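I open the notebook on a new model.

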Amino acid sequence: MSVAYDQHTGPWTVEDVLQLPEDARNRIELVGGSLMMSPAPGYPHQRVSRRLANLLDAAAEAAGAPVEIFEAVNVVVPDGLLIPDIAIVDAAAAAAAEATTDAHDVLVVVEIASPSTRVADRKMKPHLYAAAGIAHYWRVELEPAPRIYFGELRPGGLYVDQAVVQAGETGRIERPFPFEINPAGLSRQ
């Protein structure tokens with residue numbers, strides 16, 4: 001696969017990235033014409049992602065929300081292509097999507113901070129998602145115990161945490177659909 005990278009000249013585009021062969025070892029995102037690669041998530045990260053996606057799917061179904069819950073899908077933002085750990089997408093848009101989803105069809109993005117992505121998940125990605133107009137940015141921190149920051153986009157283009165829910169607490173949010181969680185249930189028990 002390094003040959004594909006070595007032969008490319010100039011800034012990368014979304015189309016260029018989508019032409020790359022699949023890479024099970026890395027997530028390849030595009031920011032400002034440059035590739036941003038991170039290793040594939042480890043087991044603790046994947047465990048949290050799968051459990052949280054299942055809980056969100058059940059809550060969305062119970063609320064009759066017209067959404068679909070996806071893990072690791074391509075979301076086109078103004079400055080490139082990002083792959084959130086979980087995305088809550090408008091159901092009609094998801095039905096029509098193929099390789100990518102436009103940011104305006106995404107209601108929530110969730111990033112699970114791993115050692116290799118912690119800085120991007122805390123600093124860079126919130127700004128990129130906010131610039132794309134995605135209404136909710138949720139971040140899951142795994143250490144020292146799981147906790148979730150439920151951010152909502154405010155005028156001025158910044159996410160403000162509506163709630164921070166620690167392991168052992170039960171938190172509830174109402175948007176984009178009612179959802180209740182104790183983050184302790186996301187990790188291995």
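Which residue in S7 is the bridge partner of Val-75? I looked it up in the predicted model: the partner is Thr-101.

**Sheet.** I then traced the strands around that pair. S4 covers residues 75-77, and two bridges join S4 to S7. The two strands run parallel. The sheet they belong to is open, with five strands in the order S2-S1-S5-S4-S7 and mixed pairing. I checked the edges next. S2 (34-39) and S7 (101-102) each have a single partner strand, so one side of each has no neighbour in the sheet.

**Salt bridges.** I counted nine salt bridges. One of them pairs Lys-125 with Glu-111, with the closest N and O atoms 3.2 Å apart. This pair links distant parts of the chain, 14 residues apart. Lys-125 sits in helix H5 (residues 118-131), and Glu-111 sits in strand S8 (residues 106-113). Are the two buried or exposed? Both Lys-125 and Glu-111 are buried.

I moved on to Arg-172. Its side chain meets Glu-174 in a salt bridge at 2.7 Å, N to O. Arg-172 also forms a salt bridge with Glu-180, at 3.9 Å. Shared partners also join Glu-29, Glu-111 and Lys-125 into one network of salt bridges. Arg-172 is partly exposed, with a relative accessible area of 48%. Glu-174 is partly exposed as well, at 45%.

**Glu-141.** My last stop was strand S9 (residues 136-141), which holds Glu-141. With a relative accessible area of 2%, Glu-141 counts as buried, because the cut-off is under 20%. Its side chain makes a polar contact of 2.7 Å with that of Arg-139.

How values were computed
Residues numbered from 1 in each chain as written. Predicted model: local features only at pLDDT ≥ 70, side-chain atom pairs only at ≥ 80, totals over all residues. Heavy atoms only, no water. Pairing = 2+ DSSP bridges. Helix = DSSP H or I, 4+ residues; strand = E, 2+ residues; numbered from the N terminus. Buried < 20%, exposed > 50% of the residue type's maximum accessible area, 1.4 Å probe, protein only. Polar contact = N/O pair within 3.5 Å; in protein donor to acceptor, adjacent residues only side chain to side chain. Salt bridge = Lys/Arg side-chain N within 4 Å of Asp/Glu carboxyl O.
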